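This report describes one protein model in plain terms. Please look at the sequence and the structure before reading on.

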Amino acid sequence: MKVAFHTLGCKVNQYESQIMAQQFSREGFCVVPPGCEAQIQVVNSCTVTAQSDKKSRQLLHRLRREHPGSVIVLTGCFPQAYPGEAAALPEADLVTGTLGRGALPGLVRQFLADGLRRVEIPSHQPGEAFEPMAATGHEQHTRAFVKIQDGCQRYCSYCIIPKARGPVRSKPPELIRRELEGLAARGYREAVLVGIDLPSYGRDLGLGFLDGVRAACQAPGISRVRLGSLEPDLLSARDLDELAALPAFCPQFHLSLQSGSDGVLRRMNRHYTAAEYLGLVRLIQQKFPAGAVTTDMMVGFPGETEEEFLQSLEFVRQAGFARVHVFAYSPRPGTPAAARPDQIPPPVKEERSRRMAEAAAEMRSAFLLRQVGSRQRVLFERYRPGAGAPGYTPNYTPVLVETPDDLRGMEYLVELSGVSGDGCTGRIIASEQSEANASERGGQDGSI
């Protein structure tokens, strides 16, 4: 019996879909790509914005229309945050949340046996443990996402995720290392550590964020470790020093900003000022000259004045981000921000989104131009006959090299020669093996 997974939202959701796919495979199901005909269609939902909920509903409608005889499962953050709304969607035969994924194959078998619709959404509880899970493979052969943390207790005034994800809980370091060892044995070179509130890793275990990162960097066979989204107020200068001392660490920092206005940040219940955030950016740029800082920027938060928006616009230009993800505020029922009377009209949010996106595009172009002429190690990820070899630098700059060779899983020193689209072009200078041989002879090129 075939099962297809449709994943919406973040890298954590992508990882969890992989875990569910593994569970179904172990139970004897055949996992097929989304879009294929399958007797079971699983929607792993997101609820970070109102648009996310809308996408989940639309996907359910489409799947029921295109696969009228299939069992349709709705799971993930949307039903966990809004169980009543999710339960009322007639297209879903089974509705579950963000807990108890291991029971899903059994629930499907029960439905196949008796045809009874079930809504089973257990609530998160204080002190609950990290749900055991370990990925064995991903679509990309060189890079794997590894979830090491779940839950959030920050309670930003616009966010429903603490309700959807529950308390902070962490994967023990020895399990992180073991999972990465298994992935390395299957050919993976790079790991991206992801979580709902990644810098909170270890709080429930009496550990710190760096304990998880070190465990990953120490895994044999993993040459690159990259981090998911980070909260800026939880990173210190000491953290940066320790990260810089880890050879496998990739200097790409996604620091969630949300606004460059102190007034808006206070109303959001964010725990830093614009000046403190900028100070961290400058510290990163000092300690990681070849690094990159990316961010999220929300526009149209309740009460945001034109002056506050302009402060955010200027902040983006001042910080020199490598990339800015721009999105408009959308009310999430059950959050303090949604109850505010000073909501911004949609046309104003749309206009501010456009202006912010234009500034973000300027920053992206400037960042790519700064990479031209540099020599960076590129890990190649895919093979496209006749179209060159695409890969990524440690700071996550996409690079395309013209070559007829299949370089997947290989790392080369590349000189970036130009900008093309959203990335750079380059030419290969040396392979890992040639660099190692040069080093052994004591003749390594000083420019490398």
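The model is predicted, so local features need pLDDT of at least 70 and side-chain atom pairs count only at pLDDT 80 or more, while totals for chains, interfaces and linings use all residues. Residues are numbered from 1 along each chain as its sequence is written, and side-chain values use heavy atoms, with hydrogens and water left out.

**Whole protein**

The protein has 14 helices and 20 strands. Helices (H or I, at least four residues) and strands (E, at least two) are DSSP runs, numbered from the N terminus. The C-alpha trace spans about 70 × 55 × 45 Å along its principal axes. For 448 residues, a compact globule would have a radius of gyration near 22 Å, and the 23 Å of the protein agrees with this. That radius is taken over C-alpha atoms, and the globule rule is 2.2 Å times the number of residues to the power 0.38.

Of the 448 residues, 54% are buried. Buried means under 20% relative accessible area, exposed over 50%, and partly exposed in between (1.4 Å probe, protein chains only). Among contacts with a separation of 6 or more, 73% are between residues 24 or more positions apart; a contact means heavy atoms within 4.5 Å.

**Strands**

Strand 4 (residues 71-76) is largely enclosed by the rest of the structure, because six of its six residues are buried. In a regular strand the side chains alternate between the two faces of the sheet. In strand 4, Val71, Val73 and Thr75 point one way, and Ile72, Leu74 and Gly76 the other way.

Two strands pair if DSSP finds at least two bridges between them. Two parallel pairs are listed here.

| Strand 3 (residues 40-45) and strand 4 | Six | Gln41 with Ile72 |

**Two loop residues**

Most residues other than glycine have a negative phi. Tyr155, in the loop between strand 8 (149-150) and helix 6 (161-165), has a positive phi near 55 degrees. Gln258 lies in the loop between strand 13 and helix 10 (262-268), and its phi is also positive, near 80 degrees. Is each of them buried or exposed? Tyr155 counts as exposed at 52% relative accessibility, whereas Gln258 counts as buried at 6%.
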